[in-house]
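Open your viewer and get ready to select residues one by one. Each stop tells you what to pick and what is there.

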Amino acid sequence: MQIIIHPHYQKKQTLIVQLIEGFFQGGNLVVQGARNTIKSHILEDEKVSIKFFQKPGLFKSIIYSFFRSTKAKRSYDYANYLLEHQIPTPFPIAYTEEKNGLGLLQDSYYICKHINYDFTIRELIHNPKFPDRNNILEQFAAFTYKMHEARVNFLDHSPGNTLIVNKGSGEYDFYLIDLNRMKFEQLSIEARMDNFKKMWLSKTMVKVIAKKYAELSAQSEDRLQQLLLEKTKAFKGKITRKKYLKRKLKLMK
């Protein structure tokens, strides 16, 4: 097993390895996905999150072993990039990769600080009367603008992948998670608006975000609103068609 540990945590290597080795026996389950599992653990005096990336199939194992960074490594590297550019994300502690005798990737883990958050954008979507909703959306737009200015194209910019902490007095902190799908590039205004498409925004939410983003970017509010509506509508239509086709195929079996 190869382990890379952030310099701030080098002295805790033995404890980190123990948490990894006992991942399935201890800790508290946070997410049980089809492919990945996230648990919270205690590392000495602080709470951490550990993400287990399930063993990939043979083809992907070859790709991740010889041609592309693993999801665990990308999560760690991208978190460091974000923090270097003042984009909040849970602090990256370490990642591990385990390979077999042929050098093919088996299991991998990513460890970061645990964030005690209050809600995500998902709650704002489902509840139009969510307290302080417009203010939160404005601050989220500013957070995303800062991310774009740092050349970050977050491909999984979706409702559940930004944790929000209520600091009180109308101030909120935003933390990006699930980091392994990113590109680092200059983004056109069209690409920036396209980056919001997975947020599943309502027309009201589009108006609030477009107005704030226009203020920050010196772009036309009307143009941004039109772009956001087009991108959002196209994405919703694509997902709806996929669900319809899946239902049709299921009925045909």
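Is Tyr109 buried or exposed? Select Tyr109: at 6% relative accessibility, the residue counts as buried. Buried means under 20% relative accessible area, exposed means over 50%, and partly exposed lies in between (1.4 Å probe, protein chains only).

Before moving on, note that this is a predicted model: local features need pLDDT of at least 70, side-chain atom pairs count only at pLDDT 80 or more, and totals for chains, interfaces and linings use all residues. Residues are numbered from 1 along each chain as its sequence is written, and side-chain values use heavy atoms, with hydrogens and water left out.

**Stop 1: rings around Tyr109**

Rings of Phe, Tyr and Trp (its six-membered ring) pair if their centres lie within 6.5 Å; planes under 30 degrees apart count as stacked, over 60 as edge-to-face and the rest as tilted. By this rule the count comes to 17 aromatic pairs. Phe23 sits in the loop between α1 (13-21) and β2 (28-32), while Tyr109 is in strand β6 (residues 105-113), 86 residues apart. Helices (H or I, at least four residues) and strands (E, at least two) are DSSP runs, numbered from the N terminus. Both Phe23 and Tyr109 are buried.

Now select Phe52. The rings of Phe52 and Tyr109 have centres 5.1 Å apart and planes at 45°, so they form a tilted pair. Phe52 lies in strand β4 and Tyr109 in strand β6, so the pair ties together parts 57 residues apart in sequence. Phe52 is buried too, with a relative accessible area of 8%.

**Stop 2: a charge over a ring**

Go back to Phe23 and show Lys39. Lys39 lies over the face of Phe23, at 5.4 Å from the ring centre. A charge sits over a ring if NZ of Lys or CZ of Arg is within 6 Å of the ring centre and within 35 degrees of the ring normal. Next, pick Phe91 and Lys113. The charged end of Lys113 sits over the ring of Phe91, 5.9 Å from its centre.

**Stop 3: salt bridges**

A salt bridge is a side-chain nitrogen of Lys or Arg within 4 Å of a carboxyl oxygen of Asp or Glu. How many salt bridges does a search of the whole structure find? The search finds 12.

Select Asp178 and Lys51. Their side chains meet in a salt bridge (3.0 Å, N to O). Asp178 lies in the loop between β10 (171-176) and β11 (182-184) and Lys51 in strand β4 (residues 46-53), so the pair ties together parts 127 residues apart in sequence. Lys51 is buried at 13%, whereas Asp178 is partly exposed at 31%.

Now try Lys73 and Asp77. Their closest N and O atoms are 2.6 Å apart, in a salt bridge. Both residues lie in helix α3 (residues 71-84), 4 residues apart, about one turn of the helix.

**Stop 4: the ring cluster**

Select Phe140, Phe143, Tyr145, Phe174, Phe196 and Tyr213. Ring pairs link these residues into a cluster.
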